[in-house]
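Visitor: I have a model open and want to learn how to read it. Where do we begin?

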Amino acid sequence: MSKAAEIDIVSVSKIYGSTTAVHSISLKIPAGSYCCFLGPSGCGKTSTLRMIAGHESISSGDLRLGNVVVTDFPPAKRNTAMMFQSYALFPHLDLVDNVAFSLKMKGVDRDARRAKALDMLKLMQMEAYGSRRPAQLSGGQQQRVALARALITEPEALLLDEPLSALDPFLKIRMRAELKKLQKTLGITFVHVTHSQEEAMALADLIVVMNNGRIEQAAAPRMVFERPATAFVARFMGDHNVLSGKVRAITDSIVEMETAEGQVFAVRDIAQEIGRPIDIGIRTDRVRLDPPSDKGLGFQAVVSNIEYRGASVKLTAIGAGSDDFTLIVSDSDYFRKPVSVGDAVSLSWTLEDVVPLGRLSA
Amino acid sequence: MATITTSQSGQIETETAPRRLVIPHGLASHLQATPLLLILGFFFVLPILTIVVVSFWDYDFAGLYPDFLTMNYADTLGSWVTWKTYLNTLKFTVLVWALTLSIGFWVAYFLAFHVRTTTMQMVLFLVCTVPFLTSNIIRMISWIPVLGRNGLVNSTLIELGLIPQPIEWLLYSDFAVVLAMVHLNTLFMVTPIFNTLMRIDRSLIEAARDCGASGGQILWNVILPLAKPGMAIGSIFVVTLVMADFSTVQVMSGGQSASVALMMKNQMSLLQYPAAAANAVVLLIVVLSMVAAILRVVDIRKEL
């Protein structure tokens, strides 16, 4: 339908009075990709999106969309369109007029703009509801209309602010699939803000994990999942246990980390110095209830909680300075040798399942 | 047999639930509505019914005679004085309505969209209401030293050498009436409009800007349509107040202008109660149809 724009964010900051919401972030979002900004509330992801949209001024830094530096452009001049969290449909207009709003602002005459709006509604399979008001629609239908309104300007990038948060869980999954399909069909750049890892993993080509106004990691979902860059990413994505300690020794490119309690764990080298504090991440689904085969690849723990999840069982254990060390074992493994709360167990993993986690230079 | 069973069951009931007054569900809700019904009945329905009844009575200089005559209505509607007075009152209403609506909208718009902090919004809003701490009459009369022949405005203009002699139409004129009415009634516009404007989701304005709307286009296409219910409520206040006004017209026009309510007041001072009552019924019908017309144009249910 239209060409997609590469979005280039160059050391952009957002400062509100004395608080800095976004700390000089830099990021390139490739043209035509689906990018998800992921992070807890207050991490600066929405501020970043609003700066890309032009609804928030950029305190310092530059923003390029396609070949144009748009840092000081008003929203409508940027060739982006934004979809708001609550959809922000005009309650006093019917769906056709809602979708045709931006054409009306451009002075397109009534018949032409209504015809085009109907086409957009058709694309969203909402043409049957054209004469209704937004209040008469369900959440999912409102989202489709908001999409139609955003896309009628043929933007190069679509910016979505927590688009699925207002929907019930079942609809969320359906609309998620629709968004992905739409992005593939249109081929334009989508930037989507969310606080749900699941949503980001399902949709994104590029996940940008943010915390405290900084980018912790920007990578493909698989990379973020398998090689989380920092302890924050590992914890936020929720599939790694994080253990912290200091480097004790380095032998044959294996780093030995010693925790505050004096336990030693091994991890592959990442250019460390002895004495430096480091964090390691251990995949929850790779931890086994067996004695460790090698030194530094397991510990003794006490089971504190057991959750049955059908195909798997989630165990929480206390030990090695962690009071919620999580392991996910398959139901067959668990029921072959069941344990109960309060049991002492040996936990173990292999060297491949341990990732060294970096720290952001503040 | 039957009597025995009922008395038995009655006994059992009093034993299990002693001192408990059991009221059927339907009756309870009626009882709850009774106080309001009584108040409205005594202070609203009854007086209006009295006026309607009296409007058909006969009268002379000495007393009222219960009767069923349409004479009072025929006199009222058949007299060119009535029509002229109604036209005059309508003229005031339209002028005051248009002025309070535009002033009220801009004040409310400024308060709602240009004052950043909520504290400042509340402070400025309270400043708007300060004049209401004094009575209507005092606020009205305080215009006299300002607008009079040797008042503040005239003497200042003469001092500055802008005019050779005092402007006559400042006081005791339709201008003075409209000015005082606008002063007295603008707040009734500001309050409901401010209320609706505050309820507009700010993301709608961002969405409009995202769609390329300019400031003026946002105002015309988003804010004004969404402010309509507040404007309608304010209009109802202003229209009903101005249509029924007699003191402002009397004081500010110096007795040179007439209003329907003033006409009624004069009839009452001449003890022509049935004529005044007939006039009141006509005025009530006119005002109610104006309110109905406003409600037809704008749906205010969302605001209530």
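Guide: With the domains of chain A. Keep in mind that this is a predicted model. Chain A is divided into domain 1, residues 7-226, and domain 2, residues 243-357.

Visitor: How far apart do the C-alpha centres of domain 1 and domain 2 of chain A lie?

Guide: They lie 40 Å apart. For the whole chain, the C-alpha trace spans about 75 × 45 × 35 Å along its principal axes.

Visitor: How many helices and strands does chain A have?

Guide: Ten helices and 19 strands. Of its 362 residues, 43% count as buried. Now look at contacts in chain A with a separation of 6 or more: residues 24 or more positions apart account for 64% of them.

Visitor: And what is the secondary structure of chain B?

Guide: Chain B has 14 helices and two strands. Its radius of gyration is 27 Å, well over the 19 Å that the globule rule gives for 304 residues, so chain B is more spread out than a compact globule. Its C-alpha atoms fill a box of roughly 105 × 70 × 35 Å, taken along the principal axes. Buried residues make up 29% of the chain. Among chain B contacts between residues at least 6 apart in sequence, 72% join residues at least 24 apart.

Visitor: What about a charged side chain? Take Arg50(A), in helix H1 of chain A, residues 45-53.

Guide: Arg50(A) is buried because 20 other C-beta atoms lie within 10 Å. Not counting residues up to four places away in sequence, Arg50(A) touches His55(A) and Glu56(A). Arg50(A) and Leu159(A) are 109 residues apart in sequence and 8.5 Å apart in space, C-alpha to C-alpha.

Visitor: How do I read a pair of packed helices?

Guide: Two packed helices are described by the angle between their axes and the distance between the axes. The crossing is right-handed.

Visitor: Which residues make the contact of H4(B) with H11(B)?

Guide: From H4(B), they include Phe92(B), Val96(B), Trp97(B) and Gly104(B). H11(B) brings, among them, Met231(B), Gly234(B), Ser235(B) and Val238(B). By class, the contact has eleven nonpolar, six polar and no charged residues.

Visitor: Can we do a second pair?

Guide: Take helix H2, residues 25-54, and helix H14, residues 273-297, both of chain B: their axes come within 8 Å and cross at roughly 120°. H2(B) passes H14(B) in a left-handed crossing. Ile51(B), Val52(B) and Val54(B) in H2(B) meet Tyr273(B), Pro274(B), Ala277(B), Ala280(B) and Val281(B) in H14(B). The residues of this contact divide into eight nonpolar, no polar and no charged.

Visitor: Now the interface. How many residues of chain B are in contact with chain A?

Guide: 14 residues of chain B, in contact with 15 of chain A. Helix H10 (202-210) and helix H11 (215-243) of chain B each supply at least two residues to that side of chain B. H10(B) gives the most, with six residues. The chain B side divides into seven nonpolar, three polar and four charged residues.

Visitor: Where is Tyr172(B) placed?

Guide: In the loop between helix H8 (152-159) and helix H9 (174-199) of chain B. Phi of Tyr172(B) is near 55°, also a positive value in a residue other than glycine. As for burial, Tyr172(B) is buried, with 20 other C-beta atoms within 10 Å, whereas Asn212(A) is partly exposed, with 17.

How values were computed. Residues are numbered from 1 along each chain as its sequence is written. Chains are lettered from A and ligands numbered from 1 in the order in which they are written. This is a predicted model: local features need pLDDT of at least 70, side-chain atom pairs count only at pLDDT 80 or more; totals for chains, interfaces and linings use all residues. Helices (H or I, at least four residues) and strands (E, at least two) are DSSP runs, numbered from the N terminus. The radius of gyration is taken over C-alpha atoms; the globule rule is 2.2 Å times the number of residues to the power 0.38. A residue is buried if 20 or more other C-beta atoms lie within 10 Å of its own, exposed if 12 or fewer, and partly exposed in between; C-beta atoms are placed from the backbone. Two residues are in contact if their C-beta atoms, placed from the backbone, lie within 7 Å. Ala, Val, Leu, Ile, Met, Phe, Trp, Tyr, Cys and Pro count as nonpolar, Asp, Glu, Lys and Arg as charged, and the others, Gly among them, as polar. Domain bounds come from an automatic or database domain assignment. A crossing is left-handed if the near helix is turned anticlockwise from the far one by less than a right angle, and right-handed if clockwise. Axes are lines fitted to C-alpha atoms, for helices over the stretch in contact, and angles run from 0 to 180 degrees between N-to-C directions.
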